[in-house]
Structure formats: C-alpha cells, structure tokens
Amino acid sequence: MPYVARNEAAAARIIGTVGMLFALIEGLYILMLVLNADQSNRFFTFIRSLAEPLALFFPGLFHTGSHNLDIVLNYGLAAVFWLIVSGFVARVVAR
C-alpha cells in the first residue's frame with residue numbers, strides 16, 4: 001500500500017500547486033490592473049486571457065465606488081477561492 005499512498009500524495013501536491021498557480025495568475029492580474037499596465041501589451045493580454053475565465057463569477061460582485069478596490073476585492077476573492085478549493089480537494093485526494 002505505500003505505493004498508493006505516494007501516488008495520492010503526489011496527486012495532492014499537484015492539485016495544490018495548480019491552485020496556487022491559479023491564485024498567482026489572479027494576483028498578477030490584480031497588480032497589473034491596479035498599477036495601470038499597458039493593456040495593449042502582449043504579456044498583459046496573455047495574463048488577462050487566463051485570469052478572466054479563472055475569476056468565474058467574482059468580477060462585478062462588489063461595487064464600492066473605487067475602481068481599484070473593486071478589482072482587489074473581486075479578483076482577490078477569486079484567488080482566495082482557488083486556494084481554498086484546491087486545498088480542500090488536495091486533502092480529500094490525500095486521504
């Protein structure tokens with residue numbers, strides 16, 4: 001059975017890493033928007049093409065009146081969501 005346990009642990013690490021990568025993409029997108037990155041830049045376009053679908057239903061959830069605060073809340077909540085969900089799934093898989 002130790003072989004199965006190692007596979008489960010490896011799968012859990014992969015799931016956790018993917019969740020962290022998704023959260024990192026969201027965090028990078030937040031920084032680029034708040035710091036007014038050039039939106040015609042290819043790197044910005046690439047990150048946006050990844051971050052917007054990963055944000056799921058969170059963009060537009062909060063409307064505080066401050067554009068930057070809205071970005072941080074909405075996309076930051078999506079990043080936290082991915083960390084929590086991937087951590088939960090990784091724990092389930094590791095059992």
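## Terms and model

A residue is called buried under 20% relative accessible area, exposed over 50%, and partly exposed in between, using a 1.4 Å probe and protein chains only. At 44% relative accessibility, leucine 56 is therefore partly exposed.

The model is predicted: local features need pLDDT of at least 70, side-chain atom pairs count only at pLDDT 80 or more, and totals for chains, interfaces and linings use all residues. Residues are numbered from 1 along each chain as its sequence is written, and side-chain values use heavy atoms, with hydrogens and water left out.

## Confidence by element

Here pLDDT is the predictor's confidence in each residue, from 0 to 100. The protein averages 90, and 95% of the residues score at least 70. Helices (H or I, at least four residues) and strands (E, at least two) are DSSP runs, numbered from the N terminus. Of the elements, helix H1 (residues 2–34) has the lowest mean pLDDT, 87, while H2 has the highest, 95.

## Loop residues with positive phi

Asparagine 36 sits in the loop between H1 and H2. Its phi is near 55°, a positive value in a residue other than glycine. Asparagine 36 is exposed, because its relative accessible area is 66%.

Leucine 56 belongs to the loop between H2 and H3. Leucine 56 likewise has a positive phi, about 55°, although it is not a glycine.

## Nonpolar surface patch

Leu56 is also part of a nonpolar patch on the surface, formed with Phe57, Leu61, Phe62, Leu69, Leu73 and Leu77. Together these residues have about 600 Å² of accessible area. Accessible areas come from the Shrake-Rupley method with a 1.4 Å probe, and for residues only the protein chains shown count as cover. Patches consist of residues with over 30% relative accessible area and no salt bridge; like charges are joined within 9 Å, and nonpolar side chains (Val, Leu, Ile, Met, Phe, Trp, Tyr) within 5 Å. A salt bridge is a side-chain nitrogen of Lys or Arg within 4 Å of a carboxyl oxygen of Asp or Glu.

Phenylalanine 62 lies in the loop between helix H2 (42–54) and helix H3 (67–94), and with 35% relative accessibility it counts as partly exposed. Leucine 73 is in helix H3. Its relative accessible area of 31% makes leucine 73 partly exposed. Leaving aside residues up to four places away in sequence, leucine 73 touches Phe62 and Thr64, where contact means heavy atoms within 4.5 Å.

Helix H3 holds serine 86. Serine 86 is buried, because its relative accessible area is 7%. Not counting residues up to four places away in sequence, serine 86 touches Ile15, Gly16 and Gly19. A polar atom of the serine 86 side chain lies 2.8 Å from the backbone oxygen of tryptophan 82.

Phenylalanine 88 is in helix H3 as well, but at 57% relative accessibility it counts as exposed.

## C-alpha separations

- Phenylalanine 88 and leucine 50, 38 residues apart along the chain, have C-alpha atoms separated by 22 Å.
- For leucine 73 and methionine 20, 53 residues apart along the chain, the C-alpha separation is 18 Å.
- Glycine 27 and threonine 64 are 37 residues apart in sequence and 19 Å apart in space, C-alpha to C-alpha.

Of these residues, glycine 27 lies in helix H1 and is partly exposed at 27% relative accessibility.

Notes. Polar contact = N/O pair within 3.5 Å; in protein donor to acceptor, adjacent residues only side chain to side chain.
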